[in-house]
Amino acid sequence: MVAKIWKKLLFVILIVACLFNIVNKLVHKASLEQELQSSAEYIQQQQLEDGTN
């Protein structure tokens, strides 16, 4: 009896944690423009380092 209650309680906690994680990722998602800008800056920095070495 107690095992069933714990199982249901932990299942609900797991579902809430998963939903919280998904919502958190959607809210804090970086825009495509920011991702492209940071990628371009990284590539330029790598090319400069390769050119100086």
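The 5 positive and 5 negative charges of this predicted protein have mean positions 39 Å apart. Lys and Arg count as positive, Asp and Glu as negative, with His and the chain ends left out; each charge sits at NZ of Lys, CZ of Arg, CG of Asp or CD of Glu.

Here's the overall picture.

| Property | Value |
|---|---|
| Radius of gyration of the protein | 22 Å |
| Box filled by the C-alpha atoms | roughly 70 × 25 × 10 Å |
| Accessible surface of the protein | about 5500 Å² |

A compact globule of 53 residues would come out near 10 Å (C-alpha atoms; the rule is 2.2 Å times the number of residues to the power 0.38). Buried residues, meaning under 20% relative accessible area, with exposed over 50% and partly exposed in between, make up 0% of the 53. Carbon and sulfur atoms own 67% of the accessible surface (Shrake-Rupley, 1.4 Å probe, only the protein chains shown counting as cover for residues).

There are two helices and zero strands, taken as DSSP runs (H or I, at least four residues; E, at least two) numbered from the N terminus. Ile13 is in helix H1, residues 2-27, and counts as partly exposed because its relative accessibility is 47%.

Residues are numbered from 1 along each chain as its sequence is written, and side-chain values use heavy atoms, without hydrogens and water. In this predicted model, local features need pLDDT of at least 70 and side-chain atom pairs count only at pLDDT 80 or more, while totals for chains, interfaces and linings use all residues.

Technical notes
Buried means under 20% relative accessible area, exposed over 50%, partly exposed in between (1.4 Å probe, protein chains only).
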